[in-house]
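Here are a few friendly notes to read beside the model.

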Amino acid sequence: MSKERTPVKSSQQLTPPAAPRNIFHGKLNLEQQKKRAKELLKKIRDEDPEAIHRFNQHPRSDQLLDSIQLGHCQLIIARENGFNSWPAMKTHIESLQLNSHTPDSNDTLHIRCGHDIQHGLKLAGFCGEYLAFFDPFCQGPVRDLPLEQLIRLRSQFAAETYSLDIADTTAQAENAYAPLQAYQSSPDTQKWQRIALWFEHDSYDQLILAFLLSFFSRHAPNAPLELICVDQIPGVQDFIGLGQLSPELFHYLWDNQRKPVSQAQLTLGETVWQALCAETSAPLQQLSASGTPAIPLMAKALQRHLAELPDTRTGLSLTETLALQLLDDTGPITVGKLFGVYMREREPLPWLGDLMFWAIIRTLIDARQPLIKIISENAEWPRQEICITDIGQQVLSGKLNYLSLMKSPRWVGGICIPAATQSNL
């Protein structure tokens with residue numbers, strides 16, 4: 001169906017990708033790029049419209065079309081891959097070689113919000129210890145609490161929201177927080193000569209980064225912190241996250257993007273963490289508007305996080321809005337396929353995993369009047385077929401407000417969005 005869409009007011013600068021994302025591992029092949037340049041030259045000489053359009057995107061194209069040579073096409077290919085010139089791209093490709101050199105040392109601790117790059121770092125020759133610190137502060141209640149209390153709060157949320165065993169979630173959280181607790185009890189510990197923080201640009205990563213910076217700012221401000229924080233990689237047109245990259249790219253990031261954490265970054269982490277825990281959105285809005293110069297990627301991540309607050313007209317978060325719009329467009333579809341299309345085509349700043357997405361869909365299914373219904377049951381939730389309901393379409397159009405249908409409260413950091421009461425049904 002094709003319907004007029006109501007924009008979400010809090011996300012005016014958050015737009016979906018212009019074309020479906022192509023998740024590429026980042027390791028370019030020089031011979032393949034040479035072949036692409038030759039193919040482009042042939043198509044231009046054959047007056048292929050798409051090839052001429054690609055050529056016209058680059059400076060001085062109007063002066064060169066009649067005398068185009070292979071070198072011109074190589075420049076176009078290089079620029080399409082994110083480089084200023086063919087030699088720059090060639091140098092980058094040739095530098096991405098794994099060798100026996102060990103980039104780090106045994107007294108290095110790598111902290112990453114998940115296991116996604118752990119194997120890649122090992123293949124790339126890194127030998128330091130790896131800490132997978134994954135606590136999705138982008139979902140559920142967040143409070144500025146002592147670590148033991150924060151672990152209990154977050155473990156209970158994860159178990160209830162993602163249908164996990166509470167003992168497992170607690171044990172996982174305790175393992176993740178354990179190295180931090182060691183620093184808290186002995187801030188002058190010399191166990192680690194380097195602590196490398198590996199993060200990308202989305203709200204999942206940036207909110208965890210804010211927490212870690214806040215923690216070290218309070219308990220170990222002189223810890224040997226280094227930060228790799230990126231939103232783009234040479235040769236990768238659609239960069240989603242570090243987990244998509246080949247091991248060779250971790251060498252590149254280590255050598256070119258790793259920088260000591262500054263006092264300004266520690267201070268920003270503390271400020272963002274306090275704002276995230278606040279009961280109103282004003283502190284986060286002010287931070288997002290500031291551009292967060294100490295960590296420029298933080299500002300847009302905060303903007304995306306704020307977009308999970310209810311839209312004034314529909315009561316939906318941005319994720320809920322986009323998921324319902326996609327269901328309205330596709331008709332019946334399995335949850336797994338819906339998530340795949342959502343991530344490739346609709347989400348402006350990918351931040352959530354599949355379980356997190358399913359938790360959101362489930363609340364729309366379990367509403368007092370369902371916005372989504374299951375039309376084909378399956379023991380494995382990704383294979384359940386779902387569709388939007390008439391109520392869902394009414395909410396999308398603004399005729400109903402989802403806040404009057406929510407069965408359970410929802411949290412966006414420290415902000416509680418209450419469930420519907422009998423008086424507003």
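1. A word on terms to begin: two strands count as paired if DSSP finds at least two bridges between them. Helices (H or I, at least four residues) and strands (E, at least two) are DSSP runs, numbered from the N terminus. This is a predicted model, in which local features need pLDDT of at least 70 and side-chain atom pairs count only at pLDDT 80 or more, while totals for chains, interfaces and linings use all residues. Residues are numbered from 1 along each chain as its sequence is written, and side-chain values use heavy atoms, with hydrogens and water left out.

2. Take the open sheet of three strands, which has the order S7-S9-S8 and antiparallel pairing. Strand S7 (333-334) and strand S8 (372-376) are at the edges with a single partner strand each, so one side of each has no neighbour in the sheet. S7 is joined to strand S9 (residues 385-388) by two bridges, and the two run antiparallel. Ile333 has Ile386 as its bridge partner in S9.

3. Strand S5 (residues 225-230) deserves a look from both sides. Six of its six residues are buried (under 20% relative accessible area; exposed is over 50% and partly exposed in between, with a 1.4 Å probe and protein chains only). In a regular strand the side chains alternate between the two faces of the sheet. Here Leu225, Leu227 and Cys229 are buried on one side of S5, and Glu226, Ile228 and Val230 are buried on the other.

4. Which strands does S5 pair with? Strand S4 (residues 194-200) runs parallel to S5 and is joined to it by six bridges; Ile195 has Leu225 as its bridge partner in S5. From S4 the chain crosses through helix H9 (residues 203-219) to S5 in a right-handed β-α-β crossover (with the strands pointing away from the viewer, the path from the first strand over the helix to the second runs clockwise). Strand S6 (residues 259-260) is antiparallel to S5, with two bridges between them, and Glu226 has Pro260 as its bridge partner in S6.

5. Of its 39 lining residues, Tyr204, Trp351, Leu352, Gly353 and Met356 are the closest to the centre. Helix H8 (166-185) is one of the helices that supply at least two lining residues, and H8 gives the most, with five.

6. The second largest pocket has a volume of about 660 Å³. Among its 26 lining residues, Phe157, Thr161, Thr363, Pro409 and Arg410 lie nearest the centre. Strand S3 (140-141), H7, H16 and strand S10 (410-413) each give two or more residues to this lining.

7. Finally, please check two residues other than glycine. Glu47 has a positive phi of about 60° and lies in the loop between helix H1 (30-45) and helix H2 (49-56). Thr292 has a positive phi near 40°, in the loop between helix H12 (282-290) and helix H13 (296-306). Is each one buried or exposed? Glu47 is exposed, with a relative accessible area of 61%, whereas Thr292 is buried at 2%.

Methods:
1 Å grid on protein atoms, 1.4 Å probe; cavity = no way out; pocket = protein on both sides within 12 Å on 5 of 7 lines; lining within 4 Å. Points joined across faces, edges and corners; volume = space filled by probe spheres on them.
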